[in-house]
Structure formats: structure tokens, C-alpha cells
Amino acid sequence: MNDVIGIVNFHSSPEIPQLTDSRPLGSTSFLGRYACCDFAMSNITNSGISTMGILVKDHQRSILKHLGSMDAWTTNTKIGQQIIMYNEPGHLYPSSNTDINNIKENDWVLYDSSASYIVVVPAHVITNIDLRPIIKEHIQRKEKITVVATKVKNAEDEFLTSKVLSVDKNGYVQEAIENVGIAGEAIVSMEMYVINRTVLADMIHRYARRNLTLDLKTLIYIVTREDGFKAHVYMYDGYARCIDSFKHYMDYSFELFSKDISKQLFKKDWPIYTLTHDTPPALYGKDAKVSNSFISNGSLIEGTVINSIIARNVKVAKGAVVKDSIVFSSTMIGDKAHIENALIDKYSIITRSHIVSGDKNEPHYVAQGSII
């Protein structure tokens, strides 16, 4: 789709204490081998969109490290391109470091491009959505703004950082309010939008100068209220999880041990691309015991791993037990150590015979680079 630019929005991702202290949520490890943003970027690539902008809010080192040369997401090597978009003035004035001002600072999207449509997808929502029918419907209906939404069973515990939408009988947004823990079923925004490029340029030109703290998800509903623009709602009924808390990060990781749930996210005709690493396959010692776990390449497993996610280049020594836990890359679990209901961040060392244990509903977090 040469008439469409895809934008991956790292700005809209929530901050989760400890987990995002040294990285944005988008580049945080997921299932050992992916980063959260891989799903958004793969959706854009699989939908045939060849130009992709990556809106970077902060921690650009982490993002650049994960993206590498960005070739993993380029299917059209002749015209395909991924462009890092960073708001340098926003670094000096954090309150104005918004997605709107980032786009304004990188205004090639608005003025140099010949594309007619901008598709914005969040980096923290795990889904495998095909954008083509959404764009097609947007064009056929001659809409200016389309908001992709989904219905949740209990908004009190899902999509906590997203807008709850009231939709009229014609499928347009009637009202958008913050999700303050609304009980029961609700329609929630997936923070995914299709916007006509000229409309977005006009929105930013007229409103961004008046309020430097505006973000896109707020601006869209201001425009629909003040300017009479109607935002059409496209309802998506597939797998979608919004990572908005440490508990949700853990829960949504572990639920993918279920084959039925995993099949909803990972489909043969919809690959999830990620940066490849030149590492050997996982190696298992003669006394290793592994059950119901994700083990990434480059790992050495000599102990016991149960219901856990092990990232790249992790060593689990003899006699060690890792149960119901997530271990990030380049971590060492020493002899006879016991890890249960915990997340061990990368570059950590859990020494011989140490116990790290949390509760199922409140997993223990071990900070990056810790030696225990």
C-alpha cells in the first residue's frame, strides 16, 4: 500500500514501575524471543504497508538495539522503509514530549509524503490484526477518522489506559471517557486509528499550538466534539490484549501456554517478525527437566523449568528450579537456586541456593543487573 503510512506509537504506551525504568514497554521482552512492538510492526508489514514511522518517546537506545537494521520488517526491499521519529525538543520539555509534537517535529509525514492515509498502531497492544479491511472500509465510507475498537467483558480489568466509547446506531463515536474502572461490558478504543493525512495535518496545525501537552488519543475526541468531525468505529473481535500493568504483563504472557489461546494470536499466514540473533539452539543437559515452557535459543538448561518463559542466553544450572516465572535474557540461575512466581530482569545473577519467590497474584520482580 503505497498510499498509506503506518506509524507505531511508543508514546501511548503506559509506564509500568520497574519494568519500564530502562526501556519503553514497546521494546520490553515478550515470550522470550519477541518485543511487544513486534506485533504492531508485523501487522503493518503483513498488511502490505511499506513505509513505517516509529514514534520514539524515550529510551531510544533500547528501541534502536531491538530494531537493529530494521530489515526484519521489510518485505519490499525496493521501496520499503522504516524511519525513527524522535522529538528532540521534547527531551528538554517532557510535558510537551507527545506523539502529536513528535509528528509535528517530523513533518515529512504530513507534508512531504504523497500518502493519503495514516494508520497509527500502539506498541503495547498485543494483537494480530489485518489492517487492510479497516483501511478499505475507511476509504469506501469516505471517512476522515476511523477508530479501531473492541468489546471487553470487564472494562474494570481490561484496557485500563484506553478510552471507553459510546457508539451511536450509525457506528460513530458519541462519547469517549477515561476508563476509570467501569464494571461490565464496554467498547474500548485499541488506540489504533486510520486518519486522512490532510485531516491529521489540519488537526495538528490548529490545535497543537494551543496546547503543547495534547496527545493523539485526546485530540481525536476534541476534534469530534468541537469541529463536528465524526469518528467512525471499526469493531475488531479477535485476540487483543492491552499491557497496562505488571500483573497484566505476567498474565497475558502465561495465558499463551494455552494452545487454544495461542492459536488466536499466532497464525500460519500471519507471521510475527522480530530481530534475529546469531545464537545456537537451546542446549539441555542430561538432568534437565522442562515442562510447559517457552525456551529461547542460546539458553543452557541443566536444571528444572516448569510453566516458565526463558529468554535468550539464560543459564539454569544443575539443581536449580524455575517455576511459574519469566527470566529475561543473559541471566544466570545458580546451582540449587529456586525461582517461583517471579520476573528476573536481564543481566541478573541468582547465586547458589538462593530462593526468589513471590505470590501468583503478586509476582516478585528482580531488577536488571541484580546479583542475589
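Predicted model: local features only at pLDDT ≥ 70, side-chain atom pairs only at ≥ 80, totals over all residues.
Modeller: Residues are numbered from 1 along each chain as its sequence is written, and side-chain values use heavy atoms, with hydrogens and water left out.

Biologist: How many aromatic pairs does the structure hold?

Modeller: Nine. Rings of Phe, Tyr and Trp (its six-membered ring) pair if their centres lie within 6.5 Å; planes under 30 degrees apart count as stacked, over 60 as edge-to-face and the rest as tilted.

Biologist: Why is the pair of phenylalanine 30 and phenylalanine 39 called edge-to-face?

Modeller: Their centres are 5.8 Å apart and their planes stand at 85 degrees, so the pair is edge-to-face.

Biologist: What makes phenylalanine 257 and phenylalanine 294 a stacked pair?

Modeller: The centres are 5.0 Å apart and the planes are at 20 degrees, so the pair is stacked.

Biologist: Why is phenylalanine 257 called buried?

Modeller: Its relative accessible area is 16%. Buried means under 20%, exposed over 50%, partly exposed in between (1.4 Å probe, protein chains only). So phenylalanine 257 is buried.

Biologist: Why is phenylalanine 294 called partly exposed?

Modeller: Phenylalanine 294 has a relative accessible area of 27%, so it is partly exposed.

Biologist: What makes lysine 230 lie over the face of tyrosine 172?

Modeller: A charge sits over a ring if NZ of Lys or CZ of Arg is within 6 Å of the ring centre and within 35 degrees of the ring normal. Lysine 230 lies over the face of tyrosine 172, at 5.3 Å from the ring centre.
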